[in-house]
Amino acid sequence: MKQLAIILSCSLATIGFAQQTQPAAKTAEESKTPDYIRYVEAEKEDEPDLLQTAISRFQKGDTIVDLVSVVHIADAAYFQNLNRFFKQYDAVLYELVGGVYQKDRPEPDANNNPEMSGLKAMQDMMKNLFQLDYQLDSINYEAANFVHADVTWEQYEELNRAKGQSMATIFSRAMNLANEGKIEGIPNDQTGMEQMFSGMMAAFLSGDSTVLKKSIGPFISKSESLIMEIEGEDGTVLVGERNKVVMKKMKQLQSGPEPPSKIAIFYGAAHMPDFEKRLIDLGYQKKGSTWATAWEISEKPRDPNAPPPAAKFFNELVTENPDVMSLIHDFSKALQEAQKLIP
């Protein structure tokens, strides 16, 4: 049961502005891990719950670098506002394993890149079940100021080989942390675990996107602290090594004939605490943050003609996500490998 919770937590951490921006709830000095994603429960019954991501500004001399955190599936308005927001930058350094964005891009190959293929399948499944939009389908990556700043498939595989890592490494670290009670949101006692698992299953079986979002949103909001714990001192390819690629690309641009004075780093929220540390080490000062609403979760009356929630859920799971059984199999294999790595 704990393993299933760990699978969910690791998967959701890969999923990390706004119709309105709001002041940050707490500063970096007030939190061990800087907040770049949060879940806000409504104070009144007729108000929506919110999943929000942060935009944090850093400045060194005349150069501004904004860390624009993102969740990869979100409301359409969230991505539409991002497209408008990005027009102000000289350069937007964006995340995309595999190379420069292509409109007719090939999907990750399940044979050659099973890990990324599995993550993409998970994101597609959640997009459909949660009735949200997908980042790669909604962001204008062909904008003139967009600059690819990530690894190719070959580089990703080479880095994993060099560090002796795989997805099994991530799971093994997560399971060790869970066993030590160090993963926020995952209880370490059997009773708490059973209650959490029952709640998760009830949400998924409901087939109701609002119930699903309210159940999963708090997990996603913990992604930074989970990833930073998994990173440890030696780091991972998933975050640390890819972040190094971004910083190298930024340095190249700043050393060029027309150095940009206003840069956005557009990456998943789980990457941002590491980016923040790297910028501060380079002499940048944090100037502040604003919050953007990725999910606005409002109660909606159920369609009386809709199929029973559980039937709807399983129908979507099977018919709209043909690779889901393969994905579950891949995660099971990764868990088996992870268990071998646990001392």
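Reader: Hi! Before anything else, what is pLDDT?

Author: Hello! pLDDT is the predictor's confidence in each residue, on a scale from 0 to 100. It matters here since this is a predicted model.

Reader: Good to know. What does the protein average, then?

Author: The average pLDDT of the protein is 75, and 57% of the residues score at least 70.

Reader: Where is confidence lowest, and where is it highest?

Author: The lowest is strand S1 (residues 22-23), with a mean of 32, while strand S6 (residues 91-94) is highest at 98. Over residues 11-31 the pLDDT is below 50, although that stretch has 66 contacts in the model beyond near neighbours in sequence.

Reader: Thanks! Switching topic: how many helices and strands are there?

Author: There are 13 helices and ten strands. The protein has 343 residues, and 51% of them count as buried.

Reader: And which residues have the most contacts inside the largest nonpolar core?

Author: Those are Phe86, Phe266 and Trp295, in a core of 58 residues. A second, separate core has five residues, including Val97 and Tyr156. In general, nonpolar side chains tend to be buried together in soluble globular proteins.

Reader: I like tryptophans. What does Trp295 touch?

Author: Leaving aside residues up to four places away in sequence, Trp295 touches a set that includes Leu50, Leu51, Ile73, Phe130 and Leu132. Asp49, Asp75 and Lys213 are also among them.

Reader: Now charges, please. How many salt bridges turn up in the whole structure?

Author: A search finds seven. One of them joins the side chains of Arg57 and Asp66, at 2.9 Å from N to O.

Reader: Is Asp66 buried or exposed?

Author: Asp66 counts as buried because its relative accessibility is 2%, under the 20% cut-off.

Reader: What about Asp274, which residue does its side chain meet in a salt bridge?

Author: Asp274 pairs with Arg278, at 2.6 Å from N to O. The two are four residues apart in helix H11 (residues 272-281), so about one helical turn separates them. Asp274 is buried at 12%, whereas Arg278 is partly exposed at 24%. Elsewhere, salt bridges that share partners join Glu95, Asp150 and Arg242 into one network.

Conventions: Residues are numbered from 1 along each chain as its sequence is written. This is a predicted model: local features need pLDDT of at least 70, side-chain atom pairs count only at pLDDT 80 or more; totals for chains, interfaces and linings use all residues. Side-chain values use heavy atoms; hydrogens and water are left out. Buried means under 20% relative accessible area, exposed over 50%, partly exposed in between (1.4 Å probe, protein chains only). A nonpolar core is a set of buried Ala, Val, Leu, Ile, Met, Phe, Trp, Tyr and Cys residues joined through side-chain atoms within 4.5 Å. Contact means heavy atoms within 4.5 Å. A salt bridge is a side-chain nitrogen of Lys or Arg within 4 Å of a carboxyl oxygen of Asp or Glu.
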